[in-house]
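Notebook open, structure loaded. I want to go through it piece by piece and jot down what I find.

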Amino acid sequence: IEDYRDYWAAYVEFDDEGWLYGSHDQPNQLEVLRTRLQQELNDPAFAQTDFLVVAFVHGWHHNAHDSDCNVHEFRAMLKVANDRYAAASRQDPLLRHRRLIGVYAGWRGESVNLEGLNITTVLDRRNAAERVAKGDVRELFAQLRKLQIGESQKPDARPDRMRTVVIGHSFGGLIAFHGLSPAVLNELTLTKPPADAQGCRPTLRRPSSALR
């Protein structure tokens with residue numbers, strides 16, 4: 001966790017097989033993120049505060065190392081977004097401020113650390129990204145969704161108290177898409193209106209009067 005007082009960022013990393021990094025005798029990074037976010041959502045001090053979770057999955061050639069340029073840009077993006085939300089809420093008293101939470105999903109986007117030779121890793125890293133997409137990253141997205149749904153179901157809850165934005169770049173886009181698609185399809189199926197529901201229906205044939 002990187003704490004910047006007005007906002008904070010968490011790092012959740014996955015290995016080449018899609019498993020979370022961590023030891024059996026300590027909480028893994030996902031548990032640390034979920035616990036911290038759950039505490040703040042239930043904290044009376046934030047009762048009038050809305051939340052925006054921004055999850056970013058990096059792509060080829062990158063990782064979650066402190067010196068990686070994607071990490072630097074991720075931190076800068078969070079600061080810019082937080083400052084703009086703060087400025088907007090100061091200008092409009094009716095606009096509720098959102099506490100920004102960043103989630104950086106890291107994986108081994110590079111397997112060869114030699115300039116020039118690393119361009120040959122594209123297929124290897126694509127295969128790794130596909131394994132990551134089918135692994136514990138789905139649990140990350142599921143936990144965020146679970147917290148968001150939980151907030152909307154509380155008594156007298158604000159429906160959009162917690163919002164989540166997922167951004168994927170390069171092979172990170174592949175991970176985000178495949179990591180989210182099963183959950184999205186499941187929700188679309190559960191929320192599909194019944195066959196006898198009233199609504200607009202497609203016209204497969206023109207009425208005969210329209211052919212004259």
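**Confidence.** I started by reminding myself that this is a predicted model. I looked up the mean pLDDT of the chain and got 88, with 87% of the residues at 70 or more.

**Main core.** Next I asked which residues have the most contacts inside the largest nonpolar core. I noted Val12, Phe14, Leu33, Leu37, Trp107, Leu140 and Ile175, in a core of 32 residues. I then checked where the core residues come from. Strands S2 (8-13), S3 (50-57) and S4 (98-106) each supply at least two, and so do helices H1 (29-42), H3 (122-133), H4 (137-152) and H5 (171-190). H4 gives the most, with 5 residues.

Skipping its neighbours within four places in sequence, I listed its contacts as Leu20, Gln29, Leu30, Leu33, Val103, Tyr104, Ala105, Gly106 and Leu140. Two of these names, Leu33 and Leu140, were already on my list of residues with the most contacts in the core.

**H1 against H4.** How far apart are the axes of H1 and H4, and at what angle do they pack? I wrote down 11 Å and about 10°. Angles under 35 degrees count as roughly parallel, so I put H1 and H4 down as roughly parallel to each other. On the H1 side I see Leu30, Leu33, Arg34, Leu37, Gln38, Leu41 and Asn42 in the contact. From H4 come Glu139, Leu140, Gln143, Leu144, Leu147 and Glu151. I sorted the residues of this contact by type and got 7 nonpolar, 3 polar and 3 charged.

**Ile101.** I moved on to this residue of strand S4. Is Ile101 buried or exposed? Its relative accessible area is 0%, so I logged Ile101 as buried. Leaving out neighbours within four places in sequence, I have Ile101 in contact with Trp8, Leu37, Glu40, Phe51, Leu52, Val53 and Val54. I also took the C-alpha separation of Ile101 and Asp6: 9.5 Å, for two residues 95 apart along the chain.

**Thr49.** I found this one in the loop between H1 and S3. The cut-off for buried is under 20%, and Thr49 has a relative accessible area of 16%, so I count Thr49 as buried. What does Thr49 touch, not counting residues up to four places away in sequence? I noted Arg96, His97, Arg99, Arg158 and Arg161.

**Positive phi.** Last, I looked at backbone angles and stopped at two residues. His61 has phi near 75°, a positive value in a residue other than glycine. I placed His61 in the loop between S3 and helix H2 (69-91). With a relative accessible area of 31%, His61 goes down as partly exposed.

Ser170 also isn't glycine and has a positive phi, near 55°. Where does Ser170 lie? I traced Ser170 to the loop between strand S5 (162-168) and H5. I have Ser170 at 40% relative accessibility, partly exposed.

Conventions. Residues are numbered from 1 along each chain as its sequence is written. This is a predicted model: local features need pLDDT of at least 70, side-chain atom pairs count only at pLDDT 80 or more; totals for chains, interfaces and linings use all residues. Side-chain values use heavy atoms; hydrogens and water are left out. A nonpolar core is a set of buried Ala, Val, Leu, Ile, Met, Phe, Trp, Tyr and Cys residues joined through side-chain atoms within 4.5 Å. Buried means under 20% relative accessible area, exposed over 50%, partly exposed in between (1.4 Å probe, protein chains only). Helices (H or I, at least four residues) and strands (E, at least two) are DSSP runs, numbered from the N terminus. Contact means heavy atoms within 4.5 Å. Axes are lines fitted to C-alpha atoms, for helices over the stretch in contact, and angles run from 0 to 180 degrees between N-to-C directions. Angles under 35 degrees count as roughly parallel, over 145 as roughly antiparallel, 65 to 115 as roughly perpendicular and the rest as oblique. Ala, Val, Leu, Ile, Met, Phe, Trp, Tyr, Cys and Pro count as nonpolar, Asp, Glu, Lys and Arg as charged, and the others, Gly among them, as polar. pLDDT is the predictor's confidence in each residue, from 0 to 100.
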